[in-house]
Amino acid sequence: MFPRDFAWGAGTAAYQIEGGWQADGKGPSIWDTFCHEKGGVFEEQNGDVACNSYELWDKDLECIQQLGLTHYRLSLSWARLLPDGTARQVNQKGVQYYNKVIDDLLACSVSPMVTLYHFDLPQALQDQGGWKSAGIASLFDSYAKFCFQTFGDRVKLWITVNEPHVCAKLGHEDGIHAPGLKEPGVAAYLVGHNMLRAHAMAWHSYDAFYRPTQRGAVSLAINSDWFEPLRPGRKEDIAAAERDLAFTLGWFAWPLFVTGDYPEIMRSAIDSQSEMFGYGGASRLPRFLKDEPAILGTADFFALNYYTLRKVKAAGGTGQMCLKNDRDAEEVLDPSWSICGVSWLAVVPHGLRKLLKYIKDTFNHPAVYITENGFSQVGPVQIEDVQRCGFYRDVISEVAKAIGEDGVDVRGYFAWSLLDNFEWADGFSVRFGLFHIDFSDAKLSRTIYHSGQEYAKMIRKYKKAIEMSAMYSSSGNQRVSKRIHGRKCQDKEA
Ligand code: GBH
């Protein structure tokens, strides 16, 4: 079912794995500050050392090879490359580190997918207003150009910003992620807006200056659950599910893929709540300006982070002007779903297939990469993680159905995560890795979970099938080749 050149990957993010928080001239990021200020993270843990991938990259590479990945998704630490966030001063040691990572991957026939921003703004830029300030977009653009220039000869898949929704809401509304701001109902929309502007500027820079020679692709990673009405016959629940989709997926996908502006459902909900609360002035949801680079069409593929499904019913206001109140949807977990580790993560693999179909139908059949999907463990370590093995089998078969039966153009799947790592506000207590790390042991040795072996097995099986089909087609046996190739091949023949 999986097409030739399908990307089998796993992902990580700089702050979650690298450590070396002030090694070799790296500048501080907002996560360094957030963790060191205490109070925001489980047991006051921090990413000062994390998996120490800054020093143990060779070990990570062994893990990647052991899985047989074709792709590896990593993020660059902005403050490791540009300590004060600007290109005025480049940290060559940082450049060397990522050059080595990228070169080593390519030498092992693994393609890098590189995220420019995964939650870790240089503190120096936060001090100037961070993502709330309009000027951040051109600062990000300069950083992006620096990265395209430096690494783009070898990196062909780029993610500008990871999960703007999470940065906006958790970082600026709830205050549970860095920079820890709690400015409900206003800051998150502004931050999301500036992230879209930053992304679009970087995409236009790539398109004009780098694409002609580098020939890569650039997108922004959107996280979304799949939402279903709790009572499918009830109009108000259907509307609540639509609102939820608009406020998560639509918030970023509508501007990029549909209209160049936010979904109308979202704007009208926000504006009518503003009126209710007597909030004067301009809409809390900013408008894109005509004289700025266009947003529409600035995603070369759809990058989706999917974790779970929610059933939704109409909520009734919270009494406070905030995102939750604007969304006005109450999310319910079906008691029949098992919960893995964290409270928000119900195991519902079929939600991914439904979301993929929705993306195909709504956003004009884009190429899709599933840039994150995973399953966590909390409590006693289980190396024999039977449940997670089943999860990966199930979710990958849902992806196969999305491709084979629904005709979604899925180009790749990235498990989250390669390693157990620093899980943001949950510290090291929540483990998403395909490899286990004992963080109390100074060696930080990596041990494969059974689910890692299971994933490796699936990748091997895929590679075998591709190899066989190549053999058959070169010997002219079309019928067998057709069976192995699946839909893609039939399409080509038709
Ligand atoms: C991803 O976000 C991140 O990109 C990645 O860095 C992270 O390690 C991974 O997920 C696993 O969490 O705490 O109840 O307010 C996934 C999307 C959205 C899922 C926010 C958790 C928090 C719910 N996340 N959500 S709550």
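Biologist: Where does F277 lie?

Modeller: In this predicted model, F277 sits in the loop between α11 (264–276) and β7 (302–305).

Biologist: Is F277 buried, exposed or partly exposed?

Modeller: Buried means under 20% relative accessible area and exposed means over 50%, with partly exposed in between. F277 has a relative accessible area of 32%, so it falls in the partly exposed class.

Biologist: Which residues does F277 touch, leaving out those up to four places away in sequence?

Modeller: With that exclusion, F277 touches G319, Q320, M321 and N325. As for A402, which is 125 residues from F277 along the chain, the two C-alpha atoms are 43 Å apart.

Biologist: Now helix α9. Where is its kink centred?

Modeller: A bend is read as the angle between axes fitted to the seven residues ending at a position and the seven starting there. In α9 (residues 187–214) the kink is centred on D207 and comes to about 50 degrees.

Biologist: Why is α9 described as largely enclosed by the rest of the structure?

Modeller: Because 20 of its 28 residues are buried.

Biologist: What comes just after α9?

Modeller: Most residues other than glycine have a negative phi. Just after α9, R215 takes a positive phi of about 55 degrees, although R215 is not a glycine. R215 belongs to the loop between α9 and β5 (217–223). Its relative accessibility is 65%, so R215 counts as exposed.

Biologist: What phi does W424 have?

Modeller: W424 is not a glycine either, and its phi is positive at about 50 degrees. The residue lies in the loop between β12 and β13. W424 has 5% relative accessibility and therefore counts as buried, whereas R215 is exposed.

Biologist: How should I read the peptide bonds? Which residues does a cis bond join?

Modeller: Most peptide bonds are trans. A cis bond links A178 to P179, with omega about 5 degrees, and P179 is placed in the loop between α8 and α9. Another cis bond links W416 to S417, with omega about 15 degrees. S417 lies in the loop between β12 (410–416) and β13 (430–431), where W424 is also found.

Biologist: Is R73 buried or exposed?

Modeller: R73 has 0% relative accessibility, so it counts as buried. This residue lies in strand β2.

Biologist: Which side chains make polar contacts with that of R73?

Modeller: A polar contact is a pair of N or O atoms within 3.5 Å, subject to one being able to donate a hydrogen and the other to accept it. The side chain of R73 has such a contact of 2.9 Å with the side chain of N162. There is also one of 3.1 Å with the side chain of E372.

Biologist: What does the side chain of N46 reach?

Modeller: The side chain of N46 reaches the backbone nitrogen of D48 at 2.9 Å. N46 itself is in the loop between α2 (30–36) and α3 (53–67). Leaving out residues up to four places away in sequence, N46 touches Y15, C35, H36, F422 and F428.

Biologist: What lines the second largest cavity?

Modeller: Among its lining residues are Y15, E18, W21, K26, D32, R80 and D120. The volume of this second largest cavity is about 70 Å³, and its lining has 3 nonpolar, 4 polar and 5 charged residues.

Biologist: And what volume does the largest pocket have?

Modeller: About 1100 Å³. The largest pocket is lined by 35 residues, and V166, L170, N223, D225 and W344 lie nearest its centre. Two or more lining residues come from each of α8 (164–172), α12 (323–327) and β9 (329–332). The largest share, 4 residues, is from α8. The lining of the largest pocket divides into 13 nonpolar, 10 polar and 12 charged residues.

Definitions and conventions: Residues numbered from 1 in each chain as written. Predicted model: local features only at pLDDT ≥ 70, side-chain atom pairs only at ≥ 80, totals over all residues. Heavy atoms only, no water. Contact = heavy atoms within 4.5 Å. 1 Å grid on protein atoms, 1.4 Å probe; cavity = no way out; pocket = protein on both sides within 12 Å on 5 of 7 lines; lining within 4 Å. Points joined across faces, edges and corners; volume = space filled by probe spheres on them. Nonpolar A, V, L, I, M, F, W, Y, C, P; charged D, E, K, R; others polar. Buried < 20%, exposed > 50% of the residue type's maximum accessible area, 1.4 Å probe, protein only.
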